[in-house]
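Hi there,

Here is the structure I promised to pass on. Have a look at it first, and then read on for what I found.

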Amino acid sequence: MLGSPKISDVNSNNIQLKIGQVSQKMNISADTLRFYEKMDLIIPNRDESGRRTYSAEDLEKLNLVICLLETDLSIKEAQEFLELYDHGENTVKQRVDFYSELIRKIGLDIEKKIKQVQYFATKIQKTQEYL
C-alpha cells in the first residue's frame, strides 16, 4: 500500500470528511483510523455531534503515518517522529535526518529483497533441469 493513498483530489483547505469517506479514499478500515487515533498518530476534529471530521491536513498526516508504518517502524517510533513533525519548522533538521536514515534502511531492505529474488530465480532454474 506504500504510496497508494490518494489525497491529490483533496486539495481544499476547508474540506471536512467523515471517517467512512476517509476510509474509502485512503483504502484503510475505519477501525484502523480509530486505532491510529487511539495511538495519537492522527487526531481528527469532531463536529457538533461528536463525529470525526478529517481536514486536508489530517489526510496529509495520515498518508505520512501509513508510509511510516509500512516501513516497519514501530508505533512508538512513528509517534516520536510525528512529535517532530507537529513542531514544524523547529525540527526541520531532525526530520531530514530521520528521512535520510529511513531511506538508507529502505535501500538495505531493497538490496536484501533483490538477493532473495536472485536466489529463488536460481532455484527455479536448477529445479527446471528436472523437467
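Which exposed residues does α4 carry on the face turned away from its buried side? They are K76 and E83. Please keep in mind that this is a predicted model.

Let me stay with α4 for a moment. The helix runs over residues 75-86, 12 residues in total, and spans 16 Å from its first C-alpha to its last, close to the 16 Å expected at 1.5 Å a residue. Its buried residues include A78, F81 and L82. Viewed down the axis of α4, the buried residues fall within an arc of 105°, so they line one face of the helix. Among the elements that cover these buried residues are α3 (56-70) and α5 (92-128). After α4 comes G88, which has a positive phi, near 60°.

The other part I looked at is the pair formed by α1 and α2. Helix α1 covers residues 19-26 and helix α2 covers residues 30-38; the two pack at an angle of about 105°, and their axes lie 9 Å apart. Angles of 65 to 115 degrees count as roughly perpendicular, so α1 is roughly perpendicular to α2. On the α1 side, the contact is made by I19, V22 and S23, while α2 brings in A30, L33 and R34. By type, the residues of this contact divide into four nonpolar, one polar and one charged.

I hope this helps you find your way around the model.

Best wishes

Definitions and conventions:
Residues are numbered from 1 along each chain as its sequence is written. This is a predicted model: local features need pLDDT of at least 70, side-chain atom pairs count only at pLDDT 80 or more; totals for chains, interfaces and linings use all residues. Side-chain values use heavy atoms; hydrogens and water are left out. Axes are lines fitted to C-alpha atoms, for helices over the stretch in contact, and angles run from 0 to 180 degrees between N-to-C directions. Helices (H or I, at least four residues) and strands (E, at least two) are DSSP runs, numbered from the N terminus. Angles under 35 degrees count as roughly parallel, over 145 as roughly antiparallel, 65 to 115 as roughly perpendicular and the rest as oblique. Contact means heavy atoms within 4.5 Å. Ala, Val, Leu, Ile, Met, Phe, Trp, Tyr, Cys and Pro count as nonpolar, Asp, Glu, Lys and Arg as charged, and the others, Gly among them, as polar. The expected span of a helix is 1.5 Å times one less than its number of residues. Buried means under 20% relative accessible area, exposed over 50%, partly exposed in between (1.4 Å probe, protein chains only). The arc is that of the directions from the helix axis to the C-beta atoms.
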